[in-house]
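Subject: Structure handover

Hello,

Here is the structure I said I would pass on. My notes on it follow below.

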Amino acid sequence: MASLRNSTTTSPARTARSAIGVLLLAGLLAPVPGTAQAGPGADTGYFFPEGTTFDASIPSPEEFLGYPIGSFHTRHDRIVAYMEMLAEASDRASFQIIGYTHEHRPMPVLTISAPEHLERLEEIRVAHMAATEAEPGDGGSDAAGPNGNLPVIVHLGYGVHGNETSSSEAAMLTAYWLVAGTGADVVRYLDEGVWHVEPVLNPDGRDRHTNWANMHRSEPFVTDPLDREHNEVWPGGRTNHYWFDLNRDWLPLVHPESQARIDFHQAWRPQVVTDYHEMGTSSTYFFEPSEPVGSWNPL
């Protein structure tokens, strides 16, 4: 689990770039040696490694939104619309709504993979679920297991705290990279994985904070932590409609956001789940500490 965490608003462009940095550190975004910059515009060069190339027919977040990522906080409905557009523009992606919040905002998931995987997505899901239930030595487990032909299942979740906003901006960039990227690394990730991108885990809180930040933003940007933009009035955007911290609802599952998300997780049981937060401009990256390989025994 890779996380970024921040309790106040900083320059959204700077923090969105930091969120992309988590993918770089995790090895999900890496430069392709010997390739030239291509694609719809120079806006991508700020976030992606040198040499990253894109399909020019697929709009970047900047082209779709009408402003560079980081110059405004993006409303939830525009994030949903961008994910829908990517699914319509490419045979690498499919779009679905897995639930609705208390304020009836949709909870989108963009599933990205090689086109041939998407054509048999349910078949892959069923085989993957069967593999997770298989006992060691079961017949057929080798073909469906980690060393078999099934792609790895990955769930990328962003912004469970609504005022840690750069994570969802990074979600659009990540989705764009997977859908429009033309490098050999992207092709490998699509061939070997099914990527579920959930760009906003807390839509109600995000919009509460987004409206506050955009209403009080200044041009040029003000980084003073005492500025009104960076000091929301209570209850702020961290929590959902009922002021509940959804990062504390993974076990009790009181709220519709958590219920829908866990239903989706249980339907797929991904091997890799990420939960992107913010850390803040004066903090380092946080990675969930793990036991050494082979030392964990659930019994």
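Leu 156 has Val 197, in β5, as its bridge partner. This, like everything below, is read from a predicted model. The two strands concerned, β4 and β5, pair in the parallel sense over six bridges. They belong to an open sheet of five strands with mixed pairing, in the order β2-β3-β5-β4-β6. At the edges are β2 (93–100) and β6 (272–276), each of which pairs on one side only. From one strand to the next, the twist averages 20°. Strands of a sheet pair through backbone hydrogen bonds, in either the parallel or the antiparallel sense.

Val 197 also matters for the next topic, the nonpolar cores. The largest of these has 36 residues, and those with the most contacts inside it are Leu 86, Leu 110, Ile 112 and Val 197. Two or more residues each come from α3 (76–89), β3 (106–112), β4 (152–158), α7 (166–180), α8 (184–192) and β5 (193–198). The largest share, nine residues, is from α7. Not counting residues up to four places away in sequence, Val 197 touches Met 83, Pro 108, Val 109, Leu 110, Ile 112, Leu 156, Tyr 158 and Ala 171.

Some totals for the chain. There are 10 helices and seven strands. Of the 299 residues, 50% are buried. The chain exposes about 14100 Å², and carbon and sulfur atoms supply 54% of that area. Among contacts between residues at least 6 apart in sequence, 71% join residues at least 24 apart.

On to the helices. The axes of α5 (residues 121–133) and α10 (residues 256–268) come within 8 Å and cross at roughly 80°, so α5 is roughly perpendicular to α10. The residues that meet are Leu 121, Arg 125, His 128 and Met 129 in α5, and Gln 266, Ala 267 and Trp 268 in α10.

Helix α9 (residues 203–216) holds Asp 207. Is Asp 207 buried or exposed? Its relative accessibility is 7%, so Asp 207 counts as buried. Leaving aside neighbours within four places in sequence, Asp 207 is in contact with Arg 75, His 76 and Arg 105.

Ala 56 sits in the loop between α1 (12–26) and α2 (61–65). With 57% relative accessibility, Ala 56 counts as exposed. The C-alpha atoms of Ala 56 and Thr 182 are separated by 9.9 Å, while the two residues are 126 residues apart along the chain.

Last, the loop between α9 and α10. Most peptide bonds are trans, and most residues other than glycine have a negative phi. Pro 220 is in this loop, and a cis peptide bond with omega of about 5° joins Glu 219 to Pro 220. Pro 235 is also in the loop between α9 and α10; the bond from Trp 234 to Pro 235 is cis, with omega near 10°.

Trp 243, in that loop, is not a glycine but has a positive phi of about 60°. Trp 243 is partly exposed, at a relative accessible area of 48%. Leu 253 likewise lies in the loop between α9 and α10 and has a positive phi, near 55°. At 26% relative accessibility, Leu 253 counts as partly exposed.

Regards

Methods
Residues numbered from 1 in each chain as written. Predicted model: local features only at pLDDT ≥ 70, side-chain atom pairs only at ≥ 80, totals over all residues. Heavy atoms only, no water. Core = buried A, V, L, I, M, F, W, Y, C linked by side-chain atoms within 4.5 Å. Buried < 20%, exposed > 50% of the residue type's maximum accessible area, 1.4 Å probe, protein only. Helix = DSSP H or I, 4+ residues; strand = E, 2+ residues; numbered from the N terminus. Contact = heavy atoms within 4.5 Å. Areas by Shrake-Rupley, 256 points an atom, 1.4 Å probe, with all protein chains shown as cover. Pairing = 2+ DSSP bridges. Axes fitted to C-alpha atoms, helices over the stretch in contact; angles between N-to-C directions. Parallel < 35°, antiparallel > 145°, perpendicular 65-115°, else oblique.
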